[in-house]
Amino acid sequence: MANFRHIFILIIIITLCLAANAQNEVQQTVPDSLQTIPAPDSLLYKEPTPENQSALADTLNTQSDTLKNTPEKQPKTFIDNPIDYNSTDSMSISFENGEQIVYLYGDASITYGSIELTANYISVNFNKREIFASGLPDSTGTLLGKPHFKEGEEEFDSKTLRYNFDTGKGFAEEVVTEEQDGIVHSAKAKMLSKEVFCMADGKYSTCDAEHPHFYLKITKGKVIGKKAIIAGPSYIVIEDFPLYFPILPYGYIPTFNKTYSSGIIVPEFTDEKEYGFGLKGAGFYWAASDYFDVTVTGDIYSKGTWGVGLSSRYRLRYKFSGGFSFNYYKNVTGIEGINQKAGTNFSIKLNHSQDAKANPSFKFSANVNISTSGYDKMNEYDNHENYLTNSKSSSISLSKDFLGTPFRMSANLRHSQNSRDSTISLSLPEITFSMRTIYPFRRKNRVGKKGILEDISISYTMNMKNTIKAKESELLSTPLSDWKNGVNHSIPITLPSFRLFNHINVTPSISYRETWFFEHKEKYWVDGYYITDNETGLQKWVSGHVQENTIDGFKRNYEFSGGIGASTTLYGMYQMKNPDAKIQAVRHKMNPTLGFSYHPDFGDPFWGFYDWVQTDSLGNMQQYNIFEGGVYGSTGKGESGSISFGLTNNIEMKVRNDKDTTSTEPFKKIPIFDNIGFSGAYNIAADSMNLSTISLNARTKIAGTVLNINGTLNPYALDERGNVTKYYMWNQATGLARLGRITNLSTGFGFNFSSDKMKKNREEKKKKEGKNSNIEPVENSDYQEFDMPWRFSFNYNISYTNFSGEPKINQTLSFNGGIDFSDKWKATFSSGFDLEAFTFTHTQATITRNLHCWSMSFDFSPFGRRQYYSFRISANASMLSDFMKLKKDSRDFQ
């Protein structure tokens, strides 16, 4: 600060000398290589002191008396705001031809209001109110420290810059500025305001390289801030190779980036084997508001196929969001007059989600995906997942929680369809009203011990359905009488559980289920009779048959059951006698369960749920359920007194840890089976086939991979035709009953490998062993370290079935992976192998290359039913990717 004051006083003395001698220019060398020349007070005296204010006033008065030709009114200075300036090398101030100029050298910077300027060289002319900036060459002639100008949100780099503070206009050379996703280069630019400048010999590109790999050559144009670039005659240049055709006589490039806007969607040119040449995705995007938008697109092909699409997205922050799309296609295949086929297909998609905080007690969500059976096969070939899908489902859900009560209500619309047989199932609506578990006898303020009735719990669920299943072509014409509906009530009651012998948990239960139907079946026998054919006049014999009628009216169907269950846990341990053995002990944990449940025979005429009908002319009778085919099924007939049983086991062993050298973990546990067990039931009320099938299950881990095994054991033998009999299987040699025969058995496993996972395992292994790598890094090596990330995974599943004496084995193998050859070259693949047909399943491979500002991809399926290839190269920028691209693909629909 002291040095600055010395300079301040020195400048006043020099000013007095200039005024007295009427000299044009005086320079004085001062310490620290700083040369100063008189300048306006507002520039150099930003913080005057009281002592020098009076001296300054006297000096100005003397100057006014001495300079007779100086007008009384001083020229207006342009500095309305404080100005900050700095330079690392030197600064000089001088008068040149009566003009006051400040020179800054070396990392110079000036801040004035919202204007910021940095450069290696800056000069300020106070009389003309102009500023000039440029870079300075180094010892090799390279220009360093080029000007960087910023005013508000507008900023740019240039080789030279001349700017007028009063008018806001300027002139620059080799300007580089960013506009949204693109970069504008201009050999010469004239600034008309802080947001607008005209340019000549310009370039526009999304490539951020100093010399762009591709650009739009603009002979002349205008840049309007964050709004648009107006271009005159222009053409494309790729790798310095100009493409004069086509020449664009006029261009409009939007550059706003704060809001989205409406505009035309550029179509994609495509060549499909089945449809011919075409334009795909042409349309219009309407930015309706900040809350929703609308997109309309269309496709057209040379062989007659065309399609239109409408989609919309909406979002209200903290409330909800979603989208809707509708696509309609007229698909024409084949050759006209020979094998041409035409058909219409459509697709409707809707998704809606509510913010979790919008309304905790009321929720609405939707996920709708409906289409004709041929839509995906004909129009979704670019989407491999949709192309291979045979089923779809939809749901629209509305739920309400009644706060402060145990009640909840929901309404749903459900849809499912199978594209193989074009069947559609609708549930419209499905309403559920439920009450969560309550304890009706539990006291709010309990005193003393808990009573036995306080553990009685009850819950309630009411479900109402209205469903239909039909072909998609018949759905709209299906009469309302074909819809199936009903109301189902379920009331499970849990009685208090207790302990038997302090080790066995006993839990009784009761359940009641009631269903309301609004129609039922009535069957009766019709004897054979003759009818007269109206066309031929001849009589035809109609054989006797069972006639079925649907009777409208309300009827109840109910059932109830009760049961009791018991469970406990047993532990076993086998300790090895040799203390130095590798295996120290084997631990066995068993969880046996035993239960009994009972329900009466609801096929008894007493209940009124079953009736009898004659089935032939001999008078044979058959029992049928009057609610068969109903939306909730029908009550089973036959008395049941079922004893259920099951056993689960957990086996693990304790082994010595040979890798432990610090005695912190001398032993470790290794699971042999996480779970291995069986379950079944025995019906004491049945007259035959009392024993049910036995379910088998096991779970273990091998080499870090979980292995699940599931199977079923049937205890009954087959007859000569492969039908199940009511007799147990016997061992002919011993005369004893066999456990049964395996009707199905399945298992599967999968492995995942990757370079990152293996590297992590090696590091963990070294960390545990407390050893460093034996391979020391080689300094100043001429060899590149090999690092090529990769990943690979596969899954194998095998199943065995033997229901009728004809065993069958199904095996599937699927695998996928990828490898990064470099930072820019990558490849992925997915495939599978059908071991039964001994052929590969759908196989797909993709190779991608990052070309800095462009991307290249090659996607292909080398074999299988759907062979194809697709090559694409396009600009990375989203605003250019739709029309600056090259795409070639080949589809083969066989």
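Reader: What volume does the largest cavity have?
Author: This is a predicted model, in which local features need pLDDT of at least 70 and side-chain atom pairs count only at pLDDT 80 or more, while totals for chains, interfaces and linings use all residues. Residues are numbered from 1 along each chain as its sequence is written, and side-chain values use heavy atoms, leaving out hydrogens and water. A cavity is a set of points, on a 1 Å grid over the protein atoms alone, where a 1.4 Å probe fits but cannot get out; points join across faces, edges and corners, and probe spheres set on them fill the volume. Three cavities reach 30 Å³ or more, and the largest has about 110 Å³.

Reader: Which residues lie nearest the centre of the largest cavity?
Author: Lining residues have an atom within 4 Å of a point. The lining has 14 residues, and nearest the centre are Glu 154, Phe 156, Lys 194, Glu 195 and Phe 197.

Reader: With which residues is Leu 161 in contact, beyond four places in sequence?
Author: Contact means heavy atoms within 4.5 Å. Leaving aside neighbours within four places, the partners of Leu 161 are Leu 117, Ile 131, Phe 132, Ala 133, Pro 147, Phe 149, Phe 156, Phe 171, Ala 172 and Met 191.

Reader: Over which residues does pLDDT stay under 50?
Author: pLDDT is the predictor's confidence in each residue, from 0 to 100. The chain averages 80, and 84% of the residues score at least 70. Where pLDDT is low, the predicted coordinates should not be read in detail. The stretch under 50, with 75 contacts beyond four places in sequence, is residues 1-78.

Notes:
On a 1 Å grid over the protein atoms alone, a cavity is a set of points where a 1.4 Å probe fits but cannot get out, and a pocket is an open set with protein on both sides within 12 Å along at least five of seven lines; lining residues have an atom within 4 Å of a point.
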